[in-house]
Amino acid sequence: MAAHRKPRQRSAGGNTARTAWTIALAGAATATGFDGTGHAEPQLTPAQVKAEVDQLYQEAEAATEKYNGAKEQADAARQRIRNLQDQTARKTEKLNSAREALGSMAAAQYRDGGLDPALQLALSEDPDRYLDGAEFAERAGNRQASSVASVRKQLREIEQLRGAAHVELTSLKSRQAELKRHKKTITGKLDSARDLLTRLTAEEQARLDDRVTRSSTGVRDARVSPGSAAAQAPNSRAAAAVSYAYAKLGSPYVWGATGPNAFDCSGLTQAAYREAGVSLPRTTYAQIDAGRRVSRSELLPGDLVFFYSGISHVGIYIGNGQMIHAPNPSAPVRVAPLDEMPFAGATRVA
């Protein structure tokens, strides 16, 4: 009789162990390739790094202009809230005086044997209750009715102001959330650009910087002098804006900055025309509509020149196909050719 062999017991973790080992081998094969060599991240050339960094800077600047627009709206909402609060305070003070006058009238009535219902409501600490029962004012005498109606009107005005302030506060909170989103986008793009630049050796970075310097030198050799640019400007305001831009050459680029010591692109143009006595909107996409559009062939010093399809960059034209602009965090305010970026349009604001 054949002996019955006892079935082999499988380890409870056997399948798991073999599965983990299979996954590990597969992962190793993926990581090293079949020849056992690891796949490193593709090495970008300095030119490719520069192209990617420039793209990130452009995207960051587009987000910066959205941030600037949201900030402008938030600042306006804050100012409206302050104005509403001031109006409410003044009207509340006036209301308190009127209520005191009614209080004197009520005291006189009380001494004479009773307090008119309309006065009771007008002196109530609950404005809603007073407004709900305002028809009692019609039962009062002419003088009392006039005084109570005045208080009633002031209460309604104050409630309207409070309602408007609530609307503005809601708008402000929305703008603040928008600011936070744009700020996160900007800092993310700039961080990515910095990470890319760290891939370059010091020698490669120096070569790129030297290339930029040679390009700037070529522009400088053909640069229009400040006096000549101002003389060719269409009017004194444009000339003043051009002179301001020249005076700020070398100032650092800082996103969201409007001077006097650092600028982003639209911050520089806004500051230049502010110095000339002209108020410009804060953003590139608003500045392009702040004056009369001119063609590239019509450009004169002081005209605002815009770039990219999204109107995300702006400079001040100085003549001879050149502008002064705040490029990006890698370069200060400088002179550059219009052909450095895709031209989108121009506006004469002065």
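Buried means under 20% relative accessible area, exposed means over 50%, and partly exposed lies in between (1.4 Å probe, protein chains only). The model is predicted: local features need pLDDT of at least 70, side-chain atom pairs count only at pLDDT 80 or more, and totals for chains, interfaces and linings use all residues. Residues are numbered from 1 along each chain as its sequence is written, and side-chain values use heavy atoms, with hydrogens and water left out.

**View 1. Lys50 and Asp54 in helix 2.** Lys50 is partly exposed, at 30% relative accessibility. Asp54 is also partly exposed, at 33%. Their side chains form a salt bridge (a side-chain nitrogen of Lys or Arg within 4 Å of a carboxyl oxygen of Asp or Glu), with N to O at 2.8 Å. Helices (H or I, at least four residues) and strands (E, at least two) are DSSP runs, numbered from the N terminus.

**View 2. Asp191 and Arg194 in helix 5.** The closest N and O atoms of this salt bridge are 2.3 Å apart. Asp191 is partly exposed at 37%. Arg194 is partly exposed at 47%.

**View 3. Arg296 and Asp339 in two loops.** A salt bridge joins Arg296 to Asp339, with the closest N and O atoms 2.6 Å apart. Arg296 lies in the loop between strand 1 (292-294) and strand 2 (304-307), and Asp339 in the loop between strand 5 (334-337) and strand 6 (343-348), so the pair ties together parts 43 residues apart in sequence. Arg296 is partly exposed at 38%; Asp339 is exposed at 62%.
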